[in-house]
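Here are my notes on this model, point by point. Please read them with the coordinates open.

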Amino acid sequence: MALSLPAASPRTWRPSPLWLAVPGFLLLVVFFAFPVARLLVLSVQDTETGAFSLASFARIATTDVYIRVLGITFKIAGYTALFSLLFGYPLAYWLARMPDAMRGRMLIFVMVPFWTSYLVKTFAFMLLLGRTGVVNEILVGSGVVSQPLALINNELGVMIGMVHAMVPLAVMTMLPVMAGIDRRLVQAAQTLGASPAHAFWLVYFKLSLPGVAAAGLLVFISSLGFFIVPAFLGGRRETMLAQLIITQVQELLNWSFAGALAAMMLVAALVSCWVYDRVFGLSTVTGQGSDGKEATGRLRLAGLAVLHGLAGASAFLAAPVQRLFGARAGRAMLPAVSGAVIVFLVAPTLIVIPIAFTTSQFLEFPPPGYGLRWFETYFSSPLWVSATIRSFLVAGATAVAATIIGGLAALALARSNSRWNGAIFAFFLAPMIVPRIVIAVGLFYLFAQLGLVASDLGLVIGHTVLAIPFTLVTIAAVLKSYDTRLDQAAATLGANRLRTLFLITVPLVKGGLIAAFLFAFITSFDELTIAIFVSGGVKTTLPKQMWDDMILQLNPTLAAVSVVVFVIVTALLLVAERFRRSP
């Protein structure tokens, strides 16, 4: 008698976790990739006929003014990256050596300047460095100089403002890599006979190079799209590419030429990313460690030769310095330099606070008297109040959308082992790498066709595109330490994936979700580039209103508004950091 085998049960289809990233993927395709690609297409089209034309690029190549602006842009971006690394590396190194609890508290002095609005920081430097500013008043009053120094409206002013804005980004990018370096490796090198200088340069610094290169990359790309600092702290000779793009779009409506300028900026950013990815791997941009790539051949040998030279020079200089100042002074040098950098980051914004309470009609320091006159002007102005309310509403909607979309994408990448994870992660990270001015101009052209210019919905969409990378990185960092066996236990007890998500996963990572929400809120609340184009002069946000007032005339009301923005951002940041670090 033949035995019949039981029929095989049909295999249950289970969707891939990557489906969770589909909403964010579609949003970025429609409102990021497509507008940027459309802008690039416009750059090779004739304005009148729409036919293929390279006239815009030929105009750039044959006009001295545009060639000079390109050179100025790349020069300032390069110098900003260099000096941000020089100032930021000692601070990041000092913070990396601290215990975790102390490092978290000290990092606030880096995070607050990082998230503080560029407008507020630029306004602070205008008060500090102007001909009648705080620095010149002190120098002239103390007799150090006989007449005020030219500290702004030149390249010096631009470099001060941009380095101040970019040092926090450099520190925050280098710090995760440095904190992950085992300091026992340096001790082992010294045990084997290496001098402290050789152990630092050939062991510690070499291991920190991915973080240093990532910081240089992000600072350089971010600096390419700057326009706030050069507009207020520079002169005509410091005009940068982003300022030309704004002029071509808002005043001349020359989309083809604006697209060509944006294309050159985008190509520079993409080439920088390609070179970095070939050497280190793009994952180190978010502090995830190296992809295992390492420079080989002549590049590696040249790098090692440079490190040996730096180590030898440091060792040569260390001996006489130590004899002259003593070992204790040498150990105090790093905290002293780091403290000076922190003062450089924090002091400018703090100067604005007493000026906001002045009773004078002019911006002067110290104020002749103190009162709440300019805060009353701010809160009694329908224009300022409506701009503030709109900023809160847009930031709230942006934070909700970005947190949901970024959270789903982070969960998808954490649960999936697909070979597409790297490409998806890079695509979601792209809005942080592509210069904002390029995204803003592309969205403006798209929104003009969709009727979303001068609408709150347009602002929310644009801000969400910019905020998604921050929410993704924040939530992904929390999910790294999440124990997936808890989800398996819930499934064993009969819970489906949806119930597991809302009853197990979300409650356990709520600290990271709240932090991501607040980071997205701050990103939107402080955002100006999208607002300049999408607001259309009607749906004015608080940063856009500040921009308009700063262009017309500096006044104490701006100081009061700056203090309000600074207090709001600092409070939200402190709450976000507390939730982000909570277990």
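1. Start with the salt bridge between the side chains of Lys75 and Glu155, at 3.4 Å from N to O. A salt bridge here is a side-chain nitrogen of Lys or Arg within 4 Å of a carboxyl oxygen of Asp or Glu. Lys75 lies in helix α3 and Glu155 in helix α7 (residues 155–179), so the pair ties together parts that are 80 residues apart in sequence. Helices are DSSP runs (H or I, at least four residues), numbered from the N terminus. Lys75 is partly exposed, at 35% relative accessible area. Glu155 is also partly exposed, at 28%. The cut-offs: buried is under 20% relative accessible area, exposed is over 50%, and partly exposed is in between (1.4 Å probe, protein chains only).

2. A word on the basis of these notes. The model is predicted, so local features need pLDDT of at least 70 and side-chain atom pairs count only at pLDDT 80 or more, while totals for chains, interfaces and linings use all residues. Residues are numbered from 1 along each chain as its sequence is written, and side-chain values use heavy atoms, with hydrogens and water left out.

3. How many salt bridges does the rule give? The count comes to 5. One of them joins Arg184 and Asp182, with 2.8 Å from N to O. Arg184 is exposed, with 58% relative accessibility. Asp182 is partly exposed, at 31%.

4. Look next at Lys544 and Asp548. Their closest N and O atoms are 3.0 Å apart, in a salt bridge. Both residues lie in helix α24 (residues 542–552). They are 4 residues apart, about one turn of the helix. Is Lys544 buried or exposed? Lys544 is buried, with a relative accessibility of 9%. Asp548 is partly exposed, at 24%.

5. Thr540 sits in the loop between α23 (529–534) and α24. Thr540 is buried, at 8% relative accessibility. Setting aside neighbours within four places in sequence, Thr540 is in contact with Ala387, Arg390, Ser535 and Gln545. Contact means heavy atoms within 4.5 Å.

6. Now the aromatic rings. The count comes to 32 aromatic pairs. The rule takes rings of Phe, Tyr and Trp (its six-membered ring) with centres within 6.5 Å; planes under 30 degrees apart are stacked, over 60 edge-to-face, and the rest tilted. Phe200 and Trp201 make an edge-to-face pair, 5.2 Å centre to centre with 80 degrees between the planes. Trp201 is buried, with a relative accessible area of 17%. Phe200 also pairs with Phe205, and this pair is tilted: 6.3 Å centre to centre and 45 degrees between the planes. Phe205 is buried, at 14% relative accessibility. Which residues make up the cluster around these rings? Tyr89, Tyr93, Phe200, Trp201, Tyr204 and Phe205 form one aromatic cluster.

7. Arg59 lies over the face of Phe257, 4.0 Å from the ring centre. The criterion is NZ of Lys or CZ of Arg within 6 Å of the ring centre and within 35 degrees of the ring normal.

8. Leu82 lies in helix α3 (residues 64–96). Leu82 is partly exposed, at 42%.

9. Ala399 is in helix α16 (residues 382–415). Ala399 is buried, with 0% relative accessibility. Leaving out neighbours within four places in sequence, Ala399 is in contact with Phe517, Ala520 and Phe521.

10. Last, Pro354 in helix α14 (residues 327–356). Pro354 is partly exposed, at 22%. Beyond neighbours within four places in sequence, Pro354 is in contact with Phe365, Pro367 and Tyr370. Pro354 and Phe365 are 11 residues apart along the chain, and their C-alpha atoms are separated by 8.2 Å.

Note on methods
Helices (H or I, at least four residues) and strands (E, at least two) are DSSP runs, numbered from the N terminus.
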